Amino acid sequence: MEPRSELAAAWKRYGERSEAARGVLEATPTFDREDHQGRAYRSLVEAQAMAYAWVMAPSVRNPRINSTSSWATSYYTIGMNCPDFSYGTLLLDGRGTYRLRARYGDTRILLLQVMSRPFGQPGSTCTGNYEFGPWLEGEGADGEPFDIVLAAEEPPGTRPGSWIPLDGGSRFNFLMIRRALGDWYDDPGDLDVQVIEAPPAEDEHGPEAVAERLDLVGTIVEFLAQAWLTGLPQRFLQCAGGEVNAWGEVPGESMAGDGGSPTCNYGFLTFELQPDEALITEFEVPEGSAYWSFQVGDLWSRSYEFEHRQGDVNM
C-alpha cells in the first residue's frame, strides 16, 4: 500500500531540510579541519534525535516532561548544556489547561521558559520566562510541593504568581525547563505535569498529524544547524569583537528567541592555545547570584564530555 500523499510529501521535505542542514555544517571553515568532520556528522544526527524527542514523540493529550532526551549528559548537548542543570522540555496545546506540581529540593533556581511554537517555526517567540526559587517568598520555600498553572487564560481562584500564560492559538507551545544545582549529588526536587482540562481530541497518529509533526522536526533540524551548531560559535567570537582569548558579554534577553535564558547573563570566550599554553581568567563573583558557572564546549556548540572529566566550575 502506498503512503498517503501528504505523508510522502512531508517525508520528502524532512529529507530536504536535513540535507540543507548538512550543507550548512559543511560550508563552515571549521568543517575544513579533518578532526572536526566526524564531530559535525555526529552533531547532525544528534539534532535529528533531539528534534524527534521535542516535537514528534510527545503527546499533547497526555503530556509528560522529557528529561532524558532534551539536554542530558554527553548524549544531547547541542547549545552547550550546562553540566549542573537538570533540563526538561514540554509540549503543550494552548487550548488545554495544565498543572505543574513542583518541589524545589536543593534546586538553586527553577527557570521555565515558554516559546509560542518550537524553534524555527513561523511565529515562534519567547512569550515568557519565569523564575522560581526557595529564596523567593511564597509556596515551596518550606520544602513542600507547590502548583503552577499553565493555560491561555488565568483560571478563577489561581494563586497570584502561579499562572503561566500559554499561546491559545498554538497547539504546540514549547517549554524549556532548567533546574540549577550546586552539586551533582544535590536533590533536584520533583516536577510533574497534570492535565486539568484536556484540549480537543485529535488523532495524533493520523496521516495529517504525522505529516505536520514531520514538518516541525525538519524545521527544527535546520534551525539547530543554522542557529546553534554553526551560529552560536560564530556569535561567541563576534561578541568578543572577533578576538580569540578575549571575553564578550551578551544579555540573556537578546538570546531568548533562539533558546537562551532571558534570566541569565552570558559571557563567551573562544580560545586558541598551543599544547604548552594555558588560559587564565579572573572572575569577580556577582553578589547575590543564585548560581554561576564556567563551562567549556567545542566549535559546534556542544558541551565536552563532562561525566568522566572536569567540564565546568561553579559556585
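Leaving aside neighbours within four places in sequence, W135 is in contact (heavy atoms within 4.5 Å) with R108, I109 and A290. The model is predicted, with local features requiring pLDDT of at least 70 and side-chain atom pairs counted only at pLDDT 80 or more, whereas totals for chains, interfaces and linings use all residues. Residues are numbered from 1 along each chain as its sequence is written, and side-chain values use heavy atoms, with hydrogens and water left out.

W135 is placed in the loop between β4 (126-132) and β5 (146-151); strands are DSSP runs of E with at least two residues, helices are runs of H or I with at least four, and both are numbered from the N terminus. The C-alpha atoms of W135 and I109 are separated by 8.7 Å, the two residues being 26 residues apart along the chain. W135 counts as partly exposed because its relative accessible area is 44%, where buried means under 20%, exposed over 50% and partly exposed in between (1.4 Å probe, protein chains only).

T97 belongs to strand β2. With a relative accessibility of 14%, T97 is therefore buried. Apart from neighbours within four places in sequence, T97 has contacts with V149, L150, A151, P155, Q194, V195, I196 and E197.

Two packed helices are described by the angle between their axes and the distance between the axes. For helix α1 (residues 5-26) and helix α2 (residues 34-56), the axes come within 10 Å and cross at roughly 145°. Axes here are lines fitted to C-alpha atoms, for helices over the stretch in contact, and angles run from 0 to 180 degrees between N-to-C directions. The contact involves Y14, S18, A21, R22, L25 and E26 of α1, together with A40, Y41, L44 and Q48 of α2. Six nonpolar, two polar and two charged residues make up this contact of α1 with α2. In this classification Ala, Val, Leu, Ile, Met, Phe, Trp, Tyr, Cys and Pro are nonpolar, Asp, Glu, Lys and Arg are charged, and the others, Gly among them, are polar.

Cavities and pockets were defined on a 1 Å grid over the protein atoms alone: a cavity is a set of points where a 1.4 Å probe fits but cannot get out, a pocket is an open set with protein on both sides within 12 Å along at least five of seven lines, and lining residues have an atom within 4 Å of a point. Grid points are joined across faces, edges and corners, and a volume is the space filled by probe spheres set on the points. The count is one cavity of 30 Å³ or more. The largest cavity has a volume of about 30 Å³ and is lined by A102, R103, Y104, T107, L110, R179, D190 and L191. Strands β2 (97-103) and β8 (190-197) each supply at least two residues of this lining, which contains four nonpolar, one polar and three charged residues.

The second largest pocket holds about 300 Å³ of space. Its lining has 15 residues, with P83, F85, S86, L181 and W184 nearest the pocket centre, and divides into nine nonpolar, three polar and three charged residues.

Most residues other than glycine have a negative phi. T73, which is not a glycine, has a positive phi near 40° and is found in the loop between α2 and β1 (85-92). S301, also not a glycine, has a positive phi of about 65° and lies in the loop between β11 (293-295) and β12 (312-314). T73 is partly exposed because its relative accessibility is 29%, whereas S301, at 0%, is buried.
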